[in-house]
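Please look over the sequence and the model below before reading on.

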Amino acid sequence: MTDIPSQTEAALAAIAASATLDALEAQRLETLGKKGWVSLALKTLGGMSPEERSAAAPAIQSARASISEALDAKKAALEAAALEEQLARETVDLTLPAPAAPKGSVHPVSQVMDELAEIFADLGFAVATGPEIEDDWHNFTALNMDETHPARAMHDTFYFPDKTGEGREILLRTHTSPVQIRAMLDQGAPIRIIAPGRVYRSDSDATHTPMFHQVEGLVIDKDIHLGHLKWTLETFFKAFFEREDIVLRLRPSYFPFTEPSVEVDVGYSNEGGRRVVGGHGDAPGHAWMEIGGSGMVNARVLEFAGLDPKEWQGFAFGLGIDRIAMLKYGMNDLRAFFDGDPRWLAHYGFSPFDQPTLSAGVGAKA
């Protein structure tokens with residue numbers, strides 16, 4: 001057997017001199033590997049007599065322990081030095097902005113609803129809500145549409161097979177006007193509210209969808225007239241479209257819940273294939289476009305709501321939220337609002353942090 005102490009001393013010196021982890025690994029294989037001299041020396045113990053084994057084993061075991069301890073210590077020192085070198089070489093610039101995190105966006109309908117609420121709140125209107133599943137009394141009868149009115153036809157509305165406890169038909173509301181009835185019954189007069197929300201009608205084409213969004217406004221007070229209605233709508237449209245040259249035209253029409261009734265037209269022009277609201281409809285290059293319906297609240301509707309039409313009167317109006325969103329932000333197909341296409345939302349979505357305010361502008365930031 002070779003001189004174990006001398007080999008051990010040489011191995012410890014080589015380990016101490018190892019400058020890299022690869023060099024250290026080579027020393028481990030040379031000593032403690034399967035073919036290393038320490039491992040081979042341990043195997044020779046099996047062919048010795050008990051007396052010879054007792055004499056040789058302590059030196060071999062001591063060599064293995066010393067070399068193993070030296071390898072572990074040197075490996076820890078080399079790894080620590082490598083880490084220190086890496087930290088000195090690689091720096092983190094804390095002044096750089098953090099990577100952009102994925103974020104959601106506000107749907108254009110939600111954005112416009114926020115704009116509506118902001119503008120009308122400044123005019124003293126409260127936001128009222130009501131159930132989307134209505135009974136036919138609130139949806140039709142109380143709005144001066146009796147059982148023979150065409151709007152009650154099955155192909156115009158979505159009815160449920162169930163009925164209320166009073167035996168009334170149940171359906172998905174066809175407008176947000178039932179919210180006006182409920183508000184008048186609950187609050188009485190005077191009242192000044194807008195009622196935005198989802199409504200349902202069995203229409204489906206490029207300009208109609210079975211479910212869409214509508215906002216209706218209601219003012220009930222004393223000595224209210226059409227002049228108040230026109231001023232309110234003009235003020236709203238100027239703030240919403242962020243233009244002062246908004247011109248409205250009230251055109252006679254018919255709605256069962258208002259008398260007199262008027263369609264609301266707005267002047268617009270075509271610019272680059274897009275309808276741009278603003279200017280007088282009779283001016284060169286301009287035309288009129290219907291944008292909503294309105295009128296003075298019918299006396300029968302006031303009576304259904306428990307108000308005396310001799311004491312109270314008011315006006316109501318209705319606008320399609322999806323439609324005015326299309327006009328303001330240049331969208332050309334109503335169906336895209338409900339497709340759920342993330343590319344469309346990425347293009348027209350709005351930041352949740354850009355809340356509309358009258359002081360900073362109700363429109364989405366460019």
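Which elements cover the buried residues of α7? The cover includes β2 (133-135), α6, β5, β6 (211-221), α9 (299-304) and β11 (313-320), where contact means heavy atoms within 4.5 Å. Helices (H or I, at least four residues) and strands (E, at least two) are DSSP runs, numbered from the N terminus.

The model is a predicted one, in which local features need pLDDT of at least 70 and side-chain atom pairs count only at pLDDT 80 or more, while totals for chains, interfaces and linings use all residues. Residues are numbered from 1 along each chain as its sequence is written, and side-chain values use heavy atoms, with hydrogens and water left out.

The residues of α7 that are buried are Ser177, Pro178, Val179, Gln180, Ile181, Ala183 and Met184; here buried means under 20% relative accessible area, exposed means over 50%, and partly exposed lies in between, with a 1.4 Å probe and protein chains only. After α7 comes Gly188, with a positive phi near 75 degrees. Helix α10 (residues 321-329) is mostly covered, since eight of its nine residues are buried. Those buried in α10 are Ile321, Asp322, Ile324, Ala325, Met326, Leu327, Lys328 and Tyr329, and the helix is followed by Gly330, whose phi is positive and near 75 degrees.

**Helix α4 and its neighbours**

Helix α4 (50-89) has 40 residues and reaches 58 Å from its first C-alpha to its last, close to the 58 Å expected at 1.5 Å a residue; the expected span is 1.5 Å times one less than the number of residues. At Ala56 the helix α4 bends by about 35 degrees, and a proline, Pro58, follows within four residues; the bend is the angle between axes fitted to the seven residues ending at a position and the seven starting there. Buried in α4 are Ala56, Ala57, Ile60, Ala63, Ile67, Leu71 and Leu78, and the buried residues of this helix pack against α1 (4-17), α2 and α3 (37-44). An α-helix has 3.6 residues a turn, so residues three or four places apart point the same way.

**The second largest pocket**

The second largest pocket has a volume of about 160 Å³. On a 1 Å grid over the protein atoms alone, a pocket is an open set of points where a 1.4 Å probe fits, with protein on both sides within 12 Å along at least five of seven lines, and lining residues have an atom within 4 Å of a point. Grid points are joined across faces, edges and corners, and the volume is the space filled by probe spheres set on the points. The lining of this pocket consists of Leu21, Leu24, Glu25, Arg28, Leu32, Leu71, Asp72 and Lys75. Both α2 (21-31) and α4 supply at least two of the lining residues, and α2 gives the most, with four. By class, the lining has four nonpolar, no polar and four charged residues.

One of the lining residues, Leu32, sits in the loop between α2 and α3. Leaving aside residues up to four places away in sequence, Leu32 touches Val38, Ser39, Arg64, Ile67, Ser68 and Leu71. Leu32 counts as partly exposed because its relative accessible area is 24%.

**Backbone geometry**

Most residues other than glycine have a negative phi, and most peptide bonds are trans.

Asn144 counts as buried because its relative accessibility is 17%, whereas Glu242, with a relative accessible area of 45%, is partly exposed. Asp146 also lies in the loop between α6 (136-139) and β3 (159-163), and at 47% relative accessibility Asp146 counts as partly exposed. The C-alpha atoms of Asp146 and Asp136, which are 10 residues apart along the chain, are separated by 9.6 Å.

Two cis peptide bonds remain to be described. The bond from Ala189 to Pro190 is cis, with omega near 0 degrees, and Pro190 lies in the loop between α7 (177-187) and β5 (191-200). Glu259 and Pro260 are likewise joined by a cis peptide bond with omega about 0 degrees, but the place of Pro260 is in strand β8 (residues 258-271).

How values were computed
Ala, Val, Leu, Ile, Met, Phe, Trp, Tyr, Cys and Pro count as nonpolar, Asp, Glu, Lys and Arg as charged, and the others, Gly among them, as polar.
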